[in-house]
Amino acid sequence: MGFRALDYTSSTHMGMAVRTHREDPWERIRLTHRAMPNTPLQFIGTGLRFISWEVAHPEFMQLVHDRLVANGVTRYVVLDPMHDMDAVRESAR
């Protein structure tokens, strides 16, 4: 369709998919990537948090980022609603 990128998902969205809808957000990412292989999928990251307001260990966050890439996400937006600039810098690194 000619999209530059699709602002596709976030950790909050993924948590809602699992908790509320009992869906596999990883499979949704894979299916969308297969259906739109030329459109970059974008993830909105919230610093060092994933599906929770609790700060996650940086190694866990690295695993999350690696899995996002392996499943088809190629763009990443870094933000932190708590304005934790150390977490933003760590996430961006």
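This tour moves through the structure one selection at a time and states what is found at each stop.

The model is predicted, so local features need pLDDT of at least 70 and side-chain atom pairs count only at pLDDT 80 or more, while totals for chains, interfaces and linings use all residues. Residues are numbered from 1 along each chain as its sequence is written, and side-chain values use heavy atoms, with hydrogens and water left out.

**Helix α1**

Begin by selecting residues 11-19, which form helix α1. Helices here are DSSP runs of H or I with at least four residues, strands are runs of E with at least two, and both are numbered from the N terminus. Within α1, select S11, M14, G15 and A17, which are buried; buried means under 20% relative accessible area, exposed over 50%, and partly exposed in between, with a 1.4 Å probe and protein chains only. These residues cover an arc of only 160° around the axis, which puts them on the same side of α1. The arc is that of the directions from the helix axis to the C-beta atoms. The cover over the buried residues of α1 includes β1 (6-10), α2 (25-35), β2 and α3.

**Helix α2**

Next, select α2, where P25, I29 and T32 are buried. Viewed down the axis of α2, the buried residues fall within an arc of 70°, so they line one face of the helix. On the other side of α2, R34 and A35 are exposed.

Now centre the view on I29. Leaving aside neighbours within four places in sequence, I29 is in contact with Y8, T9, M14, L41, L68, N71, G72 and V73; contact means heavy atoms within 4.5 Å.

**The largest nonpolar core**

Select M14, I29, F43, F50, M61, L68 and V73, the residues with the most contacts inside the largest nonpolar core, which has 13 residues. Such a core is a set of buried Ala, Val, Leu, Ile, Met, Phe, Trp, Tyr and Cys residues joined through side-chain atoms within 4.5 Å. The elements that give two or more residues to this core are β2 and α3. The largest share, three residues, comes from α3.

The structure holds two aromatic pairs. For one of them, select F43 and Y76: the ring centres are 5.5 Å apart and the planes lie at 20°, so the pair is stacked. Rings of Phe, Tyr and Trp (its six-membered ring) pair if their centres lie within 6.5 Å; planes under 30 degrees apart count as stacked, over 60 as edge-to-face and the rest as tilted. F43 is in strand β2 (residues 41-46) and Y76 in strand β3 (residues 73-79), 33 residues apart, so that the pair links distant parts of the chain. F43 is buried at 1% relative accessibility, whereas Y76 is partly exposed at 29%.

The side chains of H65 and Y76 make a polar contact at 2.8 Å. A polar contact is a pair of N or O atoms within 3.5 Å; within protein, one must be able to donate a hydrogen and the other to accept it, and residues adjacent in sequence count only if both atoms are side-chain atoms. H65 is buried, with a relative accessible area of 16%.

**R75**

Finally, select R75 in strand β3, which is partly exposed at 39% relative accessibility. The side chain of R75 makes a polar contact with the side chain of Q42 (2.9 Å).
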